[in-house]
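I opened this entry to keep track of what I looked up, in the order I looked it up. The structure goes in first, and my notes follow.

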Amino acid sequence: MPNGVTAHADPPATGFGAAGHAHAHHPALQHHFQTLDQQHEASTLGMWIFLVTEVMFFGGLLMAYLLYRVWYPEAWSEGSLELDIVLGGFNTVVLIGSSLTMALGVRAAQTGEQKATVRWLLLTIALGLTFLVVKGFEYHHKWELNHIPGPNFSFEGPHAAQVQIFLSLYFALTGLHALHMVIGCVLMGVITWMAHKKRFTPEWYTPVELAGLYWHFVDIVWIFLFPLLYLVDRAHQLS
Amino acid sequence: MAGHISPKSTYYTIFGSLMVLTVITVSVAFINLGTLNFPVALSIAILKATLVILFFMHVKYSSSLTKLICGASFVFLVILFGLTLSDYLSRGWFVAPGGTTGAGTQVTVGPATPVEVTAQPEAAPEP
């Protein structure tokens with residue numbers, strides 16, 4: 001079966017006249033696409049281009065992280081020791097687990113198992129919310145210790161001012177990531193509702209696939225944030 | 001639709017691999033490898049991200065165009081990191097005799113008075 005890219009190379013059947021073809025087509029097929037495959041390919045490509053802009057969005061903050069890390073390695077070590085490795089590790093497992101349930105949800109949509117799709121998507125939302133609740137506890141703990149950068153910031157240590165920069169980047173990176181999680185959970189809610197209403201078939205499940213791409217992207221961001229913020233500079237301070 | 005349907009076992013295997021890699025990266029974090037801690041942690045993260053992209057995000061079974069777009073994002077990321085760091089890391093490498101360097105890899109916050117090269121402190125001053 002040729003995929004959408006090769007479909008682009010096909011000559012248009014009969015120009016605009018093709019809209020008046022005799023056979024019935026899938027209700028989800030929009031008139032400016034020849035086939036559902038072509039439409040699916042175009043949608044997926046559009047989602048990937050959006051994800052590239054997201055990579056650059058986080059990339060700017062990661063660049064700031066890298067640069068300050070080069071400048072203040074001691075503060076990075078002190079700062080990362082302040083983060084709770086148990087909660088961070090737990091959240092990593094939760095989020096990778098949610099990627100698994102998401103992938104299985106997309107698979108269920110592909111094979112037309114409507115009930116299973118809804119179940120996997122609900123589980124994905126539950127894991128996403130678990131992540132956010134744990135993150136909330138971490139933020140609350142920082143609030144109680146006055147580790148929130150700003151006028152009330154206080155930190156015991158020789159590099160307090162630089163640790164404040166570390167924590168600023170910690171909140172910027174994890175905050176932006178948490179915002180993506182909130183948006184992801186809302187998105188999943190919509191997709192789950194559509195699945196519940198039996199809107200998807202093995203012929204057309206594009207929204208589930210695209211929501212999945214977004215969800216996996218957010219997972220990948222955390223896969224990088226966890227070691228960069230919680231892990232890499234820990235050992236230097238311990239020994 | 002032409003979408004590739006992976007067997008469930010593939011997803012469980014990838015999940016298991018990701019868990020194993022998470023355990024490894026957490027364990028390594030408690031061992032002081034000096035400057036190697038950062039590259040090791042980053043390599044494991046890149047490996048994990050690759051597994052997610054190839055199998056969970058179906059890039060392995062996607063069109064060449066999707067693969068190209070996906071790869072391009074990392075090329076741009078490397079350009080961003082590479083060019084920026086090549087500037088900041090190389091500042092202060094070459095100072096003409098009698099010259100000064102205010103920037104280098106060290107930050108001076110405060111009056112913009114040039115710092116003598118010979119008097120440059122080892123540790124980064126407080127901002």
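I began with the contact between the two chains, in what is a predicted model. I found 52 residues of chain A in contact with 48 residues of chain B. I then asked which elements of chain A give two or more residues to the side that touches chain B. They are helix H1 (4-9), H2, H4, H7 and helix H8 (234-238). H2(A) gives the most to this side, with 18 residues. Sorted by class, the side of chain A that touches chain B has 33 nonpolar, 13 polar and six charged residues.

Next I looked at chain A as a whole. I noted eight helices and zero strands, so I wrote the order from the N terminus as α-α-α-α-α-α-α-α. Of the 239 residues in chain A, 41% are buried. Among contacts in chain A with a separation of 6 or more, 78% join residues 24 or more positions apart.

I turned to the largest nonpolar core, which has 73 residues. The members that touch the most other members are A:Phe166, A:Val208, A:Val221, A:Leu225 and A:Leu229. The core takes two or more residues from each of these elements of chain A: helix H2 (36-71), helix H3 (73-82), helix H4 (85-110), helix H5 (114-144), helix H6 (160-196) and helix H7 (206-231). From chain B, helix H1 (8-28) and helix H2 (37-56) also give two or more residues. I recorded H7(A) as giving the most to this core, with 19 residues.

I then followed H7(A) to its packing against H6(A). The two helices pack at an angle of about 160°, with their axes 10 Å apart. Angles over 145 degrees count as roughly antiparallel, and that makes H6(A) roughly antiparallel to H7(A). Their crossing is left-handed. On the H6(A) side I listed residues including A:Tyr170, A:His177, A:Met188 and A:Ile191, and they meet an H7(A) side that includes A:Val208, A:Trp215, A:Val221 and A:Leu225. The residues of this contact divide into 18 nonpolar, four polar and no charged.

H5(A) passes H6(A) in a left-handed crossing. Among the H5(A) residues in this contact are A:Gln114, A:Thr117, A:Leu121 and A:Lys135, and among those of H6(A) are A:Met181, A:Cys185, A:Ala195 and A:His196. By class, the contact has 14 nonpolar, nine polar and one charged residues.

Last, I looked up two single residues. A:Ala195 is found in helix H6 of chain A. Is A:Ala195 buried or exposed? It has 25 C-beta neighbours inside 10 Å and therefore counts as buried. Leaving aside neighbours within four places in sequence, A:Ala195 is in contact with A:Ala109, A:Gln114, A:Thr117, A:Val118, A:Leu121, A:Phe200 and A:Val208. I also noted that the C-alpha atoms of A:Ala195 and A:Gly112 are separated by 10 Å, and these residues are 83 residues apart along the chain.

The other residue was A:Val208. Not counting residues up to four places away in sequence, A:Val208 touches A:Gly105, A:Val106, A:Ala109, A:Thr117, A:Ile191, A:Ala195 and A:Phe200.

Conventions:
Residues are numbered from 1 along each chain as its sequence is written. Chains are lettered from A and ligands numbered from 1 in the order in which they are written. This is a predicted model: local features need pLDDT of at least 70, side-chain atom pairs count only at pLDDT 80 or more; totals for chains, interfaces and linings use all residues. Helices (H or I, at least four residues) and strands (E, at least two) are DSSP runs, numbered from the N terminus. A residue is buried if 20 or more other C-beta atoms lie within 10 Å of its own, exposed if 12 or fewer, and partly exposed in between; C-beta atoms are placed from the backbone. Two residues are in contact if their C-beta atoms, placed from the backbone, lie within 7 Å. A nonpolar core is a set of buried Ala, Val, Leu, Ile, Met, Phe, Trp, Tyr and Cys residues joined through C-beta atoms within 7 Å. Ala, Val, Leu, Ile, Met, Phe, Trp, Tyr, Cys and Pro count as nonpolar, Asp, Glu, Lys and Arg as charged, and the others, Gly among them, as polar. Axes are lines fitted to C-alpha atoms, for helices over the stretch in contact, and angles run from 0 to 180 degrees between N-to-C directions. Angles under 35 degrees count as roughly parallel, over 145 as roughly antiparallel, 65 to 115 as roughly perpendicular and the rest as oblique. A crossing is left-handed if the near helix is turned anticlockwise from the far one by less than a right angle, and right-handed if clockwise.
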